[in-house]
Amino acid sequence: MIAGIAITLATTGVMALSLYQMRRDAMSQARDAAENLADSLEKETERNLDVFQLAMREVAISIQTPELQRLPADVRQLVAFGTTRGARQLGAMFATDAAGNFILDSRSPVPRRLNVGDRDYFQVQQRDKGAGLYLSRPFLSRGDDAGQPTIALSLRLDGQDGQFAGIVAGSLRLKYFHEMFKDAILGRHGTITLLRTDGSVLMRQPYHPGDVGSTLAGGHSFPPLVRSDQGSYVDIAVLDHVRRLYSFKRIGRYPLVVVVGLSTGDIYAGWHRRAIAIGAVTIVIDVLSIGLSLMFAGLLRRRLEMERQLRELAWFDSLTGLPNRTQLQREARRALAHAKQDASSFATLFIDLDRFKRVNDTQGHAVGDEVLREIAGRLREQLHAGDSVSRLGGDEFLAILQDCDVLKAMHVAGRILQAIRQPVALDSEQDTSITISASIGIAMYPSDGENTDVLLRNADMAMYQAKRSGRNRIHFYAPEYERKAREHLDLEIALQHDLKARTLSVAYQPKVDATGRLHGAEALVRWRNDRMDSIPPDYFIPIAEESGLIVELDAWVLGEACRQLAAWRAGGLAVPNIAVNVCAMDLKRPDYPGFVARTLADHGLAPADLILEMTERVMFDEAADDIRTSIDEIHALGVMLAIDDFGTGYSSLNYLHRFPVGELKIDKSFVQGIGDNARSESLAQTIINIGKTLKLTVVAEGIETPAQREFLRRHDCDLYQGYLFSPPLSPDDFARWVAAQRQSVPARPSP
């Protein structure tokens with residue numbers, strides 16, 4: 001009996017300790033969840049506010065450009081707010097004069113008759129020259145969203161005399177934060193609060209209109225909350241008197257704090273139910289017998305171990321460490337949402353190892369498990385950031401490639417097949433290994449399915465087709481995709497062969513002034529393949545970029561263009577300079593500025609003889625810092641830099657101000673619209689005005705008619721390029737064209 005009582009007491013003690021640990025675990029898990037949610041909301045809010053702030057600064061730069069004031073109202077609005085599209089979903093932007101009257105409005109070409117002189121975000125900027133970015137207290141909007149709770153961000157504008165000239169501001173509807181918060185899983189009594197560091201409540205979930213504008217500054221937990229960037233604490237709420245676990249985080253550099261609160265009642269609800277059940281069972285065990293008590297203790301231990309294992313296996317495969325089917329569903333939903341939002345595509349790769357059952361049958365399951373772990377590691381290595389790979393079970397894997405077209409899917413799948421085909425070492429001492437292959441089926445979103453189940457099914461069907469075709473193969477679900485991918489692959493192989501054989505050629509298109517006098521030439525690569533005849537650059541250049549051949553191709557074109565310029569000059573042909581296109585991959589090479597300098601020196605040319613043309617996308621590449629370093633070094637050599645196809649990409653006055661650009665080339669789509677499209681004419685005129693303001697040479701390309709030339713001449717365009725003057729020519733034809741021009745164009749008068 002004494003032993004039974006002792007065992008019963010020990011069992012009861014174990015139960016109590018287990019319940020205590022469960023309670024601590026519940027609080028710890030709740031704290032992690034609250035901190036993760038606060039961190040997620042902080043990042044999302046900071047990102048959106050940063051986007052809004054950058055858009056405001058772009059507007060401020062545009063307003064301070066003198067030429068803006070002389071443009072028509074609709075063009076002025078387009079220039080001022082043309083780069084703010086990504087921020088308009090957050091709210092409206094506007095600019096005022098020193099009295100607070102609207103002078104620019106993102107919602108209307110003609111500014112609305114509104115005055116914000118009584119708003120705090122205007123008065124703070126008016127009083128304090130060093131206020132910087134100011135975030136207002138909540139107020140009720142007087143504009144299109146009259147009566148809606150709103151906050152505003154403002155920046156001060158100073159005139160040339162340094163005096164206050166007005167503000168650039170943006171109004172953010174607080175309803176936006178309500179929409180962002182409402183889908184968060186908080187439990188029955190959970191809350192999310194967004195407040196200023198002075199205690200003013202901007203938004204609270206669950207939403208009550210009366211909470212907006214109220215203050216939490218009176219609570220004893222408020223001072224430490226605003227003194228720290230982040231933290232957690234347990235307190236009773238000022239507004240509804242519910243005890244909660246709070247996790248808060250300061251939103252970047254903004255005077256805002258997001259606070260996530262989880263009710264302790266919700267946190268411990270499951271623990272309470274479990275405690276009651278365990279307590280009842282414990283009482284029954286104590287009454288019945290010591291034997292039942294010992295049995296229950298064993299069951300409890302096994303249950304706790306099972307729960308631990310279930311937690312470990314909830315998201316990841318225990319053998320390979322890859323995400324499992326449950327996590328795969330989350331990854332697929334995220335990829336689907338991203339693709340729908342950005343109108344992009346992604347690829348689903350169903351990967352199945354060929355004849356893997358034979359490995360298990362002949363080598364044993366232990367060896368099979370080791371092979372699966374090795375293959376899983378190789379799959380991780382072949383994917384880029386943002387892509388994911390999961391184990392479906394057995395020898396089946398699934399990869400999701402975001403922002404992926406057919407060609408990229410083919411390349412990645414090819415790398416995966418090569419990686420899997422490498423021998424897997426089984427015993428390093430005996431130098432034994434095994435070689436295995438895989439079959440891959442690919443389904444593309446959205447053409448092959450618009451939900452994850454359909455895409456998975458179609459990728460699975462394509463994988464079986466790959467197996468039926470002989471294994472160790474790639475098969476697309478849609479036959480036209482497979483045809484297109486193989487066509488691209490054949491073209492890539494042909495391009496690589498012809499590039500090594502130096503069978504490509506370079507054509508040269510003149511650049512002239514309004515009188516027809518030669519001012520330079522642009523080098524344009526041409527490819528005529530024996531099997532496929534002439535191939536347009538718009539077709540093979542993207543393939544070269546995707547495969548990495550573009551670096552070798554651009555280097556060859558630069559060398560060939562410099563050689564030809566030197567040859568012309570040696571033959572007495574005076575060509576002022578040569579322009580060559582470069583891409584982001586060229587500028588990412590740390591040795592590229594040195595390569596340019598060596599190429600010029602090898603052909604006896606000066607840096608001023610070369611112009612490097614790059615598109616606007618280069619400025620916004622993910623490796624922009626490396627590119628900026630190369631651009632600065634090239635500029636220091638004395639080589640001019642030009643922006644090609646200006647107006648079609650990320651046109652921004654800001655990067656024209658920050659980067660050492662000497663020439664703008666108006667995209668041919670605007671030039672070809674002259675005479676038929678008033679908007680194209682306005683944009684072409686605007687680009688010319690911008691170039692003149694920034695003292696840049698403006699070149700119009702794609703000129704085909706005298707009317708287009710005359711329009712550009714009237715608006716003082718500097719240089720002209722297009723079929724009206726000459727198509728791209730071979731070196732000999734170019735020399736004959738220059739000789740003919742000398743006869744028809746009067747010589748430049750001597751100074």
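**Exercise 1. State in which strand Thr-193 lies, whether Thr-193 is buried or exposed, and which residues Thr-193 touches.**

Step 1. Thr-193 belongs to strand E7, residues 191-196. Strands (E, at least two residues) and helices (H or I, at least four) are DSSP runs, numbered from the N terminus.

Step 2. The relative accessible area of Thr-193 is 8%, so Thr-193 is buried. Buried means under 20% relative accessible area, exposed over 50%, and partly exposed in between, with a 1.4 Å probe and protein chains only.

Step 3. Leaving out residues up to four places away in sequence, Thr-193 touches Val-201, Met-203, Arg-204, Leu-216, Val-257, Val-258 and Val-259. Contact means heavy atoms within 4.5 Å.

A note on the model: it is predicted, and local features need pLDDT of at least 70, side-chain atom pairs count only at pLDDT 80 or more, and totals for chains, interfaces and linings use all residues. Residues are numbered from 1 along each chain as its sequence is written, and side-chain values use heavy atoms, with hydrogens and water left out.

**Exercise 2. Describe the open sheet that contains E17, and the helix that packs on it.**

Step 1. The sheet has 5 strands in the order E13-E14-E12-E17-E18, and its pairing is mixed. Two strands pair if DSSP finds at least two bridges between them.

Step 2. Strand E13 (388-393) and strand E18 (474-476) are the edge strands, each pairing on one side only. From one strand to the next, the twist averages 20°.

Step 3. Helix H13 (residues 452-468) packs on the sheet and touches E12, E13, strand E14 (396-401), E17 and E18. The direction of H13 makes about 145° with that of E17. Axes are lines fitted to C-alpha atoms, for helices over the stretch in contact, and angles run from 0 to 180 degrees between N-to-C directions.

Step 4. Strand E12 (residues 346-353) pairs with E17 in the antiparallel sense over 8 bridges. E12 and E14 also run antiparallel, joined by 6 bridges. Asp-352 has Ser-439 as its bridge partner in E17 and Glu-396 as its bridge partner in E14.

Step 5. E13 and E14 form a hairpin with 2 residues between them, and Gly-394 in the turn has a positive phi of about 60°. In E14, 6 of 6 residues are buried.

**Exercise 3. State where Ser-439 is found, whether Ser-439 is buried or exposed, and which side chain it joins in a polar contact.**

Step 1. Ser-439 is found in strand E17, residues 438-445.

Step 2. Ser-439 is buried, because its relative accessible area is 0%.

Step 3. The side chains of Ser-439 and Asp-354 are joined by a polar contact of 2.8 Å. A polar contact is a pair of N or O atoms within 3.5 Å; within protein, one must be able to donate a hydrogen and the other to accept it, and residues adjacent in sequence count only if both atoms are side-chain atoms.

Step 4. Apart from neighbours within four places in sequence, the residues in contact with Ser-439 include Phe-350, Met-463 and Arg-471.

**Exercise 4. Name the buried residues of helix H23 and the exposed residues on its other side.**

Step 1. In helix H23 (residues 706-714), the buried residues are Gln-708, Phe-711 and Leu-712. They cover an arc of only 95° around the axis, so they lie on the same side of H23. The arc is that of the directions from the helix axis to the C-beta atoms.

Step 2. Ala-707 and Arg-714 are exposed on the other side of H23.

Step 3. The cover over the buried residues of H23 includes helix H22 (678-693) and strand E26 (697-701).
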